[in-house]
Structures are given as structure tokens and as C-alpha cells.
Amino acid sequence: MHRRTAVKRLSLLAGGVLLSLGGTKYYQLYKVPDLSLLDKYRALLGGLSDTIIPATDSPGAKEAGVGDFVIKMVRECTDRKSQNNFIAGLKDLAGYAESKYGKPYGQCTPEQRTMILAHFEKTGKPFSGWMGKADSKVEGDPFYVTLKNYVVLGYCTSKPGATQALRYDFIPGKYTGVVTLAPGQRAWATE
Amino acid sequence: MGAPQQDIHLNTKAKDQQTYDAIVIGSGISGGWAAKELCEKGLSTLLLERGRNVEHVKDYPTAFLNPWDFEHRLRITEKDKAENPIQSLAYDEGNKLFYVNDREHPYVQRHGAFNWFRGYQVGGRSLTWGRMCYRWSDLDFEANAKEGIGVDWPIRYKDIEPWYDYVEDFVGISGQPEGLPHLPDGQLLPPMEMNFLEKHFKEQVQKHFPGRCVTIGRVANLSRGWKGRGPCQYRNLCSRGCPFGGYFSSNSATLPAALATGNLTLRPFSIVAEILYDKDKKRATGVRIIDAMTHESREFYAKVIFLNASTIASTAILLQSKSPEFPDGLGNTNGLMGHFLMDHHLRVGAQGLYKGFMDEYYSGRRPNSLYIPRFRNLNAATARTDYLRGFAYQGSATREGWNEQSGMLPGFGPDFKNQLTAPGPWRMWMGSWGETLPYAENKIALSADKKDRWGLPVVEIDFSFQSNEQHMRKDSQQCAAEMLESSGFTDVSEFDYHAPGGTAVHEMGTMRMGHDPRTSLLNSQNQLHDVRNLFVTDGSCMTSSACQNPSLTYMALTARACDFAVGELKKGNI
């Protein structure tokens, strides 16, 4: 089957799914999200961002202020359905940490944090192939996908991320088409 | 947007003057040229621009910002999407300041979608243009006549060739001469480099597809210093305005030259409501403007008028200019004004992954891509039975960065970070820009009831691509995939995003040139058939669209028409 035909069929199907979504599910996706809840999770988001991109020989996401950036992006650059998914996901994750380890995420050990996030990666449909894309259109982006995308964006465009974990050249002055990569050389921060 | 500036006269000695030798309407890529040429030929020239002033360097506030200096790291917001559903398809946080607001400047998409991207400011879209510059040839100028499509161009390559030379010499275009008859070489500055994989691709295409030429783009970025501008610093941030003057824009090049003559008066915030017409002299006498800030009307007069407001806007101005002699718009005696709107069709092609060359990289950010000139329907050997005309590709190879890799790499933590920040695999994409035939039903008209905030009728657009374009797209998609596959790419995928008209931002037509006043609006010198001192030299004049990026041709036609107009003035013919 051609990819385009497949997507078309899928979106027809998705339309059907949308109509048959239960009332509760529909409400959860389309309700006006309580964005003030994001502030409550500010510390949690800082911790999560640092689990995704930890400090190594370069600073981690927390030091780069990525938690606050994620909140800003969810507030201002994210559609309503994905916002609702994101807030619900944060609640789930906080609850999961409590029920699994009996303490908030922030007090969990690095190993426990990794276990928690791995659980949400597994259940959170992390791959945005064409199946994922068609799903996203109907149901919004899943919590984990939004989280990871914004953490990566926030980190790689931050000053510490761009200049220490990546290579940033503000004014290259020239273009050289063929350059042999030095061992361990980092990627360019901007294209 | 910028602070309100009223009644700016950059040439103070001309303050409050009402009469000039020439009036130029619009300060974008063709209007800038008209102003420069007319001023340099000694005409006192009033340049009217509907938007705010943008002074070279001084008014490029985002040009030196780092990614982390932007609140949303260059992403657009949900508010952008809601308030600017069209313009936000094109802008980012860094160049948004050079796009109009859709709510302030509405238009109607009547039948079919049409993205009308606009920049209402001094310099217009010459600030944000793609900078690709390619000459046309007689393959393009003769096509309509040979195939019986539309009307014949009233000019041939020999008519425009010296003017290509003339404008290229001033603009500064880097590129590689290739000796192709259908894509004539011009006055080219040194070409930019290809990277390792692009060179490999070029060799493979040469081997497997003789007749398909892979060259580096010809681009109005200065590969060396040129006439006090540049060179390009390889930042690839052109659309924010370049503080180094690394690329050609009205602001960096033509307007400073025009101002230097002392003959230019630049008046921003001046919306042209109509062209004034004297029925006895059969001449345009001037323009009536509405001050965008005060909403007051004013008139200015001149011997010659150049209309360069951009394809759709120029035609709208003439349609608004109604008189007993021209009840359907100035010069619109045959009813064809507004028809035969064209845009290139694009966002179709293929992309693929290359496994290997993992030790190869590049440095600097090249504001340019590869170019594969048209190779279909050039002659009997390349003739197609399923469509007329042809397409050219742009494309480039890069190693995936964090942005491309982030959605693909599983996991998180130190290993994820390490992979994310290392150069990823090589990937190449190529997409075609294809010729669109002129169709009468693709048109613009004025709304009978909807008006903008200045009381002027909004534009209605009808546009759709037809079967010739659809067949061409299928071929382009397949050719792209076969070139990638033959060059050793894997995971090759074809794409066709069915982008609506306007997406190429190459609007052309609506006042086509032609020999016959019964079937065209402008003559071979871009003079309105019915009003000889009124010239239209922006994209409106185009009789067909070819597949080359059109700005260079507008510039050459403008310089040519200015030369003719001044000659006619001196002879007393206009």
C-alpha cells in the first residue's frame, strides 16, 4: 500500500475513532487546560529534564534552565489537546513515583528516576513515525513525546547546550565543504 | 512593529514637494531597481512604500541574536498560528518582523487555497527572499508561441540579455558557469563549495544520468566583497536582514544607490489608492495615496509612473483606479487584468539516507543549496508526452543534527545525550520548483463588499494547479528518487505535500506582456498598452512562469524599462 493511501485511510479511520471517543475522553482532550498546574510541577520538570539530558562533561538540562523553558513552550506553543495530555502525564508520573517508591520524583535516586522515565517512555508512544503522526492529529501529542521534544529543543538552543555540548559558531565567516571530522567532535549547534 | 514614523522624507530638500519627474510604487526588489535607475538617470523620484521604513543594518534588531535570545527559540506560538494563519507558515521568531499581520491585511481565498505571503515595509520581500538567481532563455520565451499556450512573449532572450548582464553586475551573484544553453551563464562571482556527499552525488548523477547537471545554486549572496557590500559571513540568517550586506536587498543595495544621487524621496506609510488619469492627454498624471497612519488622502504628480507593488497588489491598484474611460480599472479595456495568475509548484521530491562518509563534515552555514537545472522537454530526446515544460531541483546534503535526530533516537540519559550531540548520519533531500501554465481561471479580483481598514477593497484570489502540473509532479518525484537511489542512498522516500499556490512566493502574471492590446495588458517595454507613461515591471508582467526563480528577470526587465522610459521622456513621447 502506498504511504499516502495508507495515511488517507488511517485519517478516515481516525475520524471515526474521534466520533466514537467516549464523552469523558473527548472532554479530557478538549477542555480548557489548567495551565497554572504547570507551576506546581516546576521542580519536577527540572528533575525530569536532567534525567533526559544529565550533566556529563558538559552541563545538564537543569543547569541550562530547561524545566522553565518546557513550561513556557507548553503554555504558548502547544495545542490544547497536547497541553491536556501533558498535564495529565505529569500528574500520572508524580503519582507513579509515589506509588512505586513511596516518595516524590525529586527524592528518588537516579536509578529510580531512570526506571520511572523508562516506564513512561515505554507507555508514551515515543516514536513519531507516520502512525504516530496520524494519532497525534486526533489525540494530540502524548506527554512523553512533548516532554522529550521540548527538553531537547530547550537544551540544544540554550547557551550551555549550544556552546558546550554542541559547537556554536556565531559568525563562521566562510564555508568549507569538506572537513575531516576530529575524534569526538561535536555537531554544529545551528544549521 | 517599529515606532510610528509619519511623513518621512529622507531627502529633506524635497520636503512637501507634490510634483516629481517619476513616481515608483513599491520598494521591493523591482521597485528598488526602478528607483535606482530613474534617480541615476537624473529624474527626481518619489518612492512610495505602504509599510514602515526599514533602514539597512539599523533596523535589523534580530540579526545578531543567538538562539537562546529568543523566547521560544525561534518557534512560532499558538497565538501566531491563530492570528497569522498564512504568514506564520513562512516566518519564525527571528524574521516575523518582516511579514504582515494577516488580520490587518486580509484577503479572500475564493476557489482553491492560495498563500499570499507579504512584507509591507521598505525593502518589501527583498529582505526575506530566497536569493536564487537564474536567467531565462529562449526555451522559456518561445514556449507559449510554439505550444499555442496563452500569448507569445513580446521579447526574446537577446532583448533581455544585456539587462541580465547589467543587473547581475550590480547585484553580485555567486555561482558556477555550466555552459547550458537553456540556463545561460551570467556575470557570476566565485561559486560556493559543495560538501563531500554533494560532490559524490554530482559525480554519480553525471555517470548515471548524462544530461542532468548538478551545480551549486546561483545565489545573490556575495562570495567576495562587492561594491562596498559583503562578503557573506555564512551565518545563514539572511531573512533577518544582513548587517554585513552579505546578500542583495533593496535596503542594502538599490536604495542606498538611489539615495546617493540626491534625487530620491522615500515616503513610507503611503498606501496607493489609485492612479490618477487625464483622459485628454491619455496619460497617468499621478497617484492618490492614503497615509497609513493618519488615513488622510494626498496626491502626488509625475511625468512617469512605475508600478512595482508586487504581482497581486499592483494589479489591485489598477483595478481600483476606475474612471469613466476605464470603468473596470485603468488599462483594463480587454477585461483580462487580474487573470493568468501563476506560481511555481513545489514541495515535491525525495529524500534519502547515506550510510558512510562518517568521517566527513563541513564548517560554516552555507545559505545556498544545490541546483539541478531543467532537463525535461528541452528537445526531441527529452520530450515528454504527459506534460509540457519542466522543473528544476534545489536540494542539499547535510549530516543530521540534534533537531533531526531528536525524534528518532530512543532513550534518554548520558548515552542519548552523547548521540544527540554528535553529527548524525548523512541525509539529502531534493525538491522541485516547476513551471505552472497560465490559466484564465487563476485570477485575482476586488471584493464587491469587503474593505480593509483604509476603506480599500480586499483582494479575492482563485487559484488551482491543473493536470499539467500534477503530471509534472509525478515525474519530478520519481526522478528525484531514482537519482538518490542510483547514487547509493538508502531509505529513499518520495514526498508530495501538495502545497497550495503562493507557497513558492513566486506570484506571476495578472497583467501579462504581449504584442496585442486585445489579449495582453503590457507591451514589450512593460508599458501599459492604454497608458504609455505607466510601466509595470514586477511579477505581474509575466506571460509565462518558466521554472527559474523569477526575481532576476524582474530586475532585468525593470532596468530595461527604465532605460526606455527615460529615452521616451527625452524624446517627448511620454
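Mentor: Two strands pair if DSSP finds at least two bridges between them. Helices (H or I, at least four residues) and strands (E, at least two) are DSSP runs, numbered from the N terminus. The model is predicted: local features need pLDDT of at least 70, side-chain atom pairs count at pLDDT 80 or more, and totals for chains, interfaces and linings use all residues. Residues are numbered from 1 along each chain as its sequence is written, with chains lettered from A and ligands numbered from 1 in the order in which they are written.

Trainee: What makes strand 3 and strand 16 of chain B edge strands?

Mentor: Strand 3 (108–111) and strand 16 (443–451) each pair on one side only. Their open sheet has 3 strands in the order 3-17-16, with mixed pairing. Its twist averages 40 degrees from one strand to the next. Helix 8 (residues 311–320) of chain B lies across strand 16 and strand 17, at about 60 degrees to strand 16.

Trainee: Which strands are the edges of the open sheet of 6 strands in chain B?

Mentor: That sheet has the order 6-13-14-15-11-18 and antiparallel pairing. Its edges are strand 6 (215–216) and strand 18 (490–496). The bridge partner of Ile216(B) is Leu370(B) in strand 13. Helix 11 (residues 467–486) of chain B packs on the sheet, touching strand 11, strand 14, strand 15 and strand 18. The direction of helix 11 makes about 15 degrees with that of strand 11.

Trainee: How do you know that strand 1 of chain A pairs with strand 12 of chain B?

Mentor: The bridge count again: 3 bridges join strand 1 of chain A to strand 12 (residues 360–363) of chain B, and they run antiparallel. Thr180(A) stands opposite Glu360(B). The whole contact (C-beta atoms, placed from the backbone, within 7 Å) takes 41 residues from chain A and 39 residues from chain B. Strand 1 of chain A gives 5 residues, the largest share of the chain A side.

Trainee: Why is helix 6 of chain A called roughly perpendicular to helix 9 of chain A?

Mentor: Helix 6 (residues 80–101) and helix 9 of chain A pack at an angle of about 95 degrees, with their axes 8 Å apart. Angles of 65 to 115 count as roughly perpendicular, under 35 as roughly parallel, over 145 as roughly antiparallel and the rest as oblique. So helix 6 of chain A is roughly perpendicular to helix 9 of chain A. Residues meeting there include Phe86(A) of helix 6 and Tyr144(A) of helix 9.

Trainee: What makes helix 9 of chain A mostly covered?

Mentor: Of its 14 residues, 13 are buried. Buried means 20 or more other C-beta atoms within 10 Å of a residue's own; exposed means 12 or fewer, partly exposed in between, with C-beta atoms placed from the backbone.

Trainee: How do you know that the span of helix 5 of chain B is close to the expected one?

Mentor: Helix 5 (residues 157–171) of chain B has 15 residues and reaches 20 Å from first C-alpha to last, against 21 Å expected at 1.5 Å a residue. The expected span is 1.5 Å times one less than the number of residues. Its buried residues include Ile160(B), Tyr164(B) and Val171(B). Just after helix 5 of chain B, Gly172(B) takes a positive phi of about 85 degrees.

How values were computed
Two residues are in contact if their C-beta atoms, placed from the backbone, lie within 7 Å. Axes are lines fitted to C-alpha atoms, for helices over the stretch in contact, and angles run from 0 to 180 degrees between N-to-C directions.
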